[in-house]
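Colleague: Please show me the model, and then I will ask about it piece by piece.

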Amino acid sequence: MPGSGTRPVGRREGGTALNVIVIGGGQAGLAAGYHLRRAGVDFTILDAQPEPGGAWLHGWDSLRLFSPARHSSLPGWPMPRFPHEGYPTADHVVDYLASYEKRYELPVERSVRVRSVRRVEGGYDVDGRFADAVISATGTWWRPFIPAVARDLPGRHLHTVQYRNPQQLAGQRVVVVGGGNSGAQIAADLADHVDLTWITRRPPRYLPDEIDGKALFGIATQWPGGVGALGDIVAVPPVRDARDRGLLVARPMDRRLVADADTVIWCTGFRPALDHLAPLNLRDRNGHVHAGPRLHPLGYGDWTGPASATLIGVGPTARAAVAELVRT
Ligand SMILES: Cc1cc2nc3c(=O)[nH]c(=O)nc-3n(C[C@H](O)[C@H](O)[C@H](O)COP(=O)(O)OP(=O)(O)OC[C@H]3O[C@@H](n4cnc5c(N)ncnc54)[C@H](O)[C@@H]3O)c2cc1C
């Protein structure tokens, strides 16, 4: 049962041959749980947070999906329609993930942070629990990346993860750094409320206005070079509006502009949260961990499967990971 506390996981007499520990109970962990349930595998999901929702619990106030509900679904059960037409809020996603977990009776143990995964005979030791196999689905939100240059600069420095709303910065000189979706959306959110400078490494590359999350999934899975070959920024309505009103003027990096700001918001991305896998020594030079014997990283980025860091995209990768575990 969801939230049933400390059900031990170990080899079961007479149970299914395989038991799996899924680390992380965000959308990727739940998608894995759905397919493990269908495959009849004994599994538990361990999640560090006290409540469902993964990273969607922490986004800024105006954050919206870049595609309508019907194109933002996990396997099995479509996301319910957003009551107001258009693009769902983060709260709508949190409600969906909480209901999804209940609907499929996914066994999530909450407030359990996994510190280390070690190889032992026949499987893995996950903080003292035995598992035949591990799916790691801990996301990226928990490892914000800020370039080293920020260390030498004065002023107040925030990362995307600390931004909430324009009221937090009202009347300030604010520099937003980053030409991806977070940078463009936060710059658009602030444009009417602060003295804004938007800094990007190269001129902003907007995807065509008609491209939303559904089209992105198609491009990510079929287009050579993926989404990045076409552009960096999905022109969601608030971004389109600010851009068309001439409020999103990007400049190249200029240390003086950054130094003069009251607050700098670094929208410079994330790294996969993989510290718990460090004892396995599996990281490559990009900091990625590739699927090993009965070990699957899931949901961190395209390197774990096309579009697997999105709601619509994680299902097929989760299905493939579970099929592989069952086969081996
Ligand atoms: C600003 C922004 C906007 C986005 N917009 C969209 C969008 O419109 N549409 C879309 O489909 N995608 C979007 N994404 C991408 C994607 O959907 C999210 O990144 C998503 O949260 C990834 O899900 P996840 O399950 O992999 O990770 P998370 O949601 O981060 O969940 C991981 C879970 O694992 C837990 N955890 C972490 N470490 C441990 C540990 N050691 N032990 C136990 N538990 C642990 C965390 O607490 C968390 O609950 C957006 C991302 C960002 C940052």
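The questions and answers below go through this predicted model.

Colleague: How many helices and strands does the chain have?
Modeller: The chain has 328 residues, and 42% of them count as buried. Its helices number 7, and its strands number 13.

Colleague: Which helix gives the largest share of the shell around the ligand?
Modeller: The ligand is surrounded by 34 residues, with G24 and G26 among the closest. Two helices, α1 (27-38) and α7 (311-327), each supply at least two residues of that shell. The largest share is 3 residues, and the helix that gives it is α1.

Colleague: How many residues of the shell around the ligand are charged?
Modeller: Sorted by class, the shell has 16 nonpolar and 16 polar residues. The charged residues number 2.

Colleague: What distance does α7 reach from its first C-alpha to its last?
Modeller: α7 has 17 residues, and its buried ones include L311, G315 and L325. At 1.5 Å a residue, 24 Å is expected. The model comes close to that, with 25 Å.

Colleague: Why is strand β10 largely enclosed by the rest of the structure?
Modeller: A residue counts as buried if 20 or more other C-beta atoms lie within 10 Å of its own. β10 (residues 195-199) is largely enclosed because the number of its 5 residues that are buried is 4.

Colleague: Which residue stands opposite W198?
Modeller: β10 runs parallel to β9 (residues 173-177), joined by 5 bridges, and V175 stands opposite T197. β10 also runs parallel to β11 (residues 250-251), joined by 2 bridges. In β11, the residue opposite W198 is A250.

Technical notes. Residues numbered from 1 in each chain as written. Predicted model: local features only at pLDDT ≥ 70, side-chain atom pairs only at ≥ 80, totals over all residues. Near = placed C-beta within 6 Å. Nonpolar A, V, L, I, M, F, W, Y, C, P; charged D, E, K, R; others polar. Expected span 1.5 Å × (residues − 1). Buried ≥ 20, exposed ≤ 12 C-beta atoms within 10 Å, placed from the backbone. Pairing = 2+ DSSP bridges.
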